[in-house]
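Hi,

Here is the structure I promised to pass on. Have a look first, and my notes follow below.

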Amino acid sequence: MKKNHIRNVNTFVIYIVLIFWAVTTIYPIFWVISNSFKDKKQIMSNAFSLPVGKLFTTANYTDAFSKMNILNAYKNSIIISGCVAAVVILLAGMASFALVRYSFKGSKLLYNIVIAAMMFPVFSTIILTLSLVVEKTYVSQWHLSKLLNKHENRNFSEILNQIRVEHAKELLKEMSLWIVDISEMVGFTDVAHFSRVFKKLEGISANEFRNTKL
């Protein structure tokens, strides 16, 4: 009886974790689709509001099909995705055969890593941090921080944000790119955080900066 109770609790916890994982994976897709029916300015100010009433617009789709060669982009995406899928299926088939047929040390761990990678985009977890930099430069985190404060009078985060904002300023000159896309391209995981950092460093918002370049 006690074992069944423990098993039920473990199952419940696993389901909670999987549900949370599913929500965090699916919600970004819903968020992107939802914001595609808003004006660019409304995306910045009402990023998490539903596109209803005055917020709703199909202008983004109209512009995509009338001003940009969006169908050609779809064709290229299908070709690339198809080639990648074919290679992945081939390699995954061989890897799955080895995982199922042979039992070796670490096989279960490797299996769990593969499953986790399928459920959660690996590259979305890669964030540039001070620890990653010191690993590549072979100096201690304390020593690198001291050098940055001495020579730049700024910490690592401030320098990294400055570099990202400078890159963003160049990308903002390309009018076909959305600000939310630019924020991701320069390394920010949250467009609201990007907006705050940009305004703090430049004194104006990213949208205002773009308008000065028109």
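Let's start with two helices (DSSP runs of H or I, at least four residues, numbered from the N terminus). The axes of α8 (residues 156-171) and α10 (residues 191-202) come within 10 Å and cross at roughly 90 degrees; axes are lines fitted to C-alpha atoms over the stretch in contact, with angles running from 0 to 180 degrees between N-to-C directions. So α8 is roughly perpendicular to α10 (65 to 115 degrees). Where they meet, α8 brings N161, Q162, V165, E166, A168 and K169, and α10 brings F194, V197, F198, L201 and E202; contact means heavy atoms within 4.5 Å.

A word on the source: this is a predicted model, where local features need pLDDT of at least 70 and side-chain atom pairs count only at 80 or more, while totals for chains, interfaces and linings use all residues. Residues are numbered from 1 along each chain as its sequence is written, and side-chain values use heavy atoms, leaving out hydrogens and water.

S183 sits in helix α9 (residues 179-185) and is buried, at 1% relative accessible area (buried is under 20%, with a 1.4 Å probe and protein chains only). Beyond four places in sequence, S183 touches F188 and V191 as well as F194.

Cheers

Technical notes: Buried < 20%, exposed > 50% of the residue type's maximum accessible area, 1.4 Å probe, protein only. Parallel < 35°, antiparallel > 145°, perpendicular 65-115°, else oblique.
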